[in-house]
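I opened my notebook today to get to know a structure that was new to me. Here is what I looked up, in the order I looked.

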Amino acid sequence: MLFDSTMWLTERQKYGVVLTAAGVVFFILGILTFFDSSLLAIGNLLFVIGVILIIGPTRTIYFFARPTKIRPTIFFFGGITLILFKHSFIGFIVEGVGILSLFGDFLGTIVQFLRNVPVLGGILRHPAVEPYVNRFAGLDTLPV
């Protein structure tokens with residue numbers, strides 16, 4: 001079963017996880033279909049709605065409106081706007097800069113979570129792949 005009743009997520013957060021995952025899937029499909037603006041737009045909207053459901057509207061506004069995150073927020077939502085206006089490749093580039101700046105701090109956490117997923121975890125822990133994934137996620141750096 002995907003979500004067990006002993007999990008700590010509320011029902012709203014469970015729907016948020018599903019919508020966020022669906023947004024990522026649509027976004028990847030949009031990239032694979034040579035930057036189809038419709039799939040990219042659906043992916044972006046589902047992703048944003050999923051984030052709002054996961055952390056709540058107040059925390060979402062606080063996350064995107066922090067003074068240190070204003071520029072990445074402008075890039076992220078500017079990219080979404082460009083995609084909605086059918087400039088999908090340029091919007092993808094602009095949005096990608098915003099995503100890396102906004103969510104780059106979470107890459108290590110995301111990689112650690114994905115290593116516990118049954119099939120994907122084996123791939124990410126493979127000796128040929130692991131050093132590159134660790135370097136990309138910033139897991140190789142020592143705190144000292």
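**Entry 1: the model.** I noted at the outset that this is a predicted model.

**Entry 2: helix α5.** I began with α5, which runs over residues 88-103 and has 16 residues. From its first C-alpha to its last I found 21 Å, close to the 22 Å expected at 1.5 Å a residue. Next I asked myself which residues of α5 are buried. They are S88, G91, E95, G98, L102 and F103. On the face turned away from the buried side I found the exposed residues I90 and L100.

**Entry 3: what covers α5.** I then looked for what lies over those buried residues. The cover includes α1 (11-32), α2 (37-55), α3 (57-65), α4 (70-84) and α6 (107-114).

**Entry 4: the record.** UniProt, in an unreviewed entry, places the feature "transmembrane region" at residues 15-35, 41-62 and 74-94. I checked two of these spans in the model. Residues 41-62 are 95% helix and 0% strand, with end C-alpha atoms 24 Å apart. Residues 74-94 are 86% helix and 0% strand, and there the end C-alpha atoms are 9 Å apart.

**Entry 5: the cores.** The largest nonpolar core has 9 residues: F47, V48, V51, F63, F64, F76, I80, L102 and F103. Helices α2, α3, α4 and α5 each give two or more residues to this core, and α2 gives the most, with 3. I picked out I80 and found that it touches N44, V48 and E95, leaving aside residues up to four places away in sequence. A second, separate core of 5 residues includes V111, L124, V133 and A137.

**Entry 6: the rings.** How many aromatic pairs does the whole structure hold? My search found 14. One of them joins F64 and F103 edge-to-face, at 6.5 Å centre to centre and 85° between the planes. This pair links distant parts of the chain, with F64 in α3 and F103 in α5, 39 residues apart. F64 is buried at a relative accessible area of 9%, and F103 is buried at 16%. F103 also pairs with F106: the centres are 6.4 Å apart and the planes are at 40°, so this pair is tilted. F106 counts as partly exposed, at 38% relative accessibility.

How values were computed. Residues are numbered from 1 along each chain as its sequence is written. This is a predicted model: local features need pLDDT of at least 70, side-chain atom pairs count only at pLDDT 80 or more; totals for chains, interfaces and linings use all residues. Side-chain values use heavy atoms; hydrogens and water are left out. Helices (H or I, at least four residues) and strands (E, at least two) are DSSP runs, numbered from the N terminus. The expected span of a helix is 1.5 Å times one less than its number of residues. Buried means under 20% relative accessible area, exposed over 50%, partly exposed in between (1.4 Å probe, protein chains only). Contact means heavy atoms within 4.5 Å. UniProt positions are given in the numbering used here, feature names are shortened, and annotations may be inferred rather than shown by experiment. A nonpolar core is a set of buried Ala, Val, Leu, Ile, Met, Phe, Trp, Tyr and Cys residues joined through side-chain atoms within 4.5 Å. Rings of Phe, Tyr and Trp (its six-membered ring) pair if their centres lie within 6.5 Å; planes under 30 degrees apart count as stacked, over 60 as edge-to-face and the rest as tilted.
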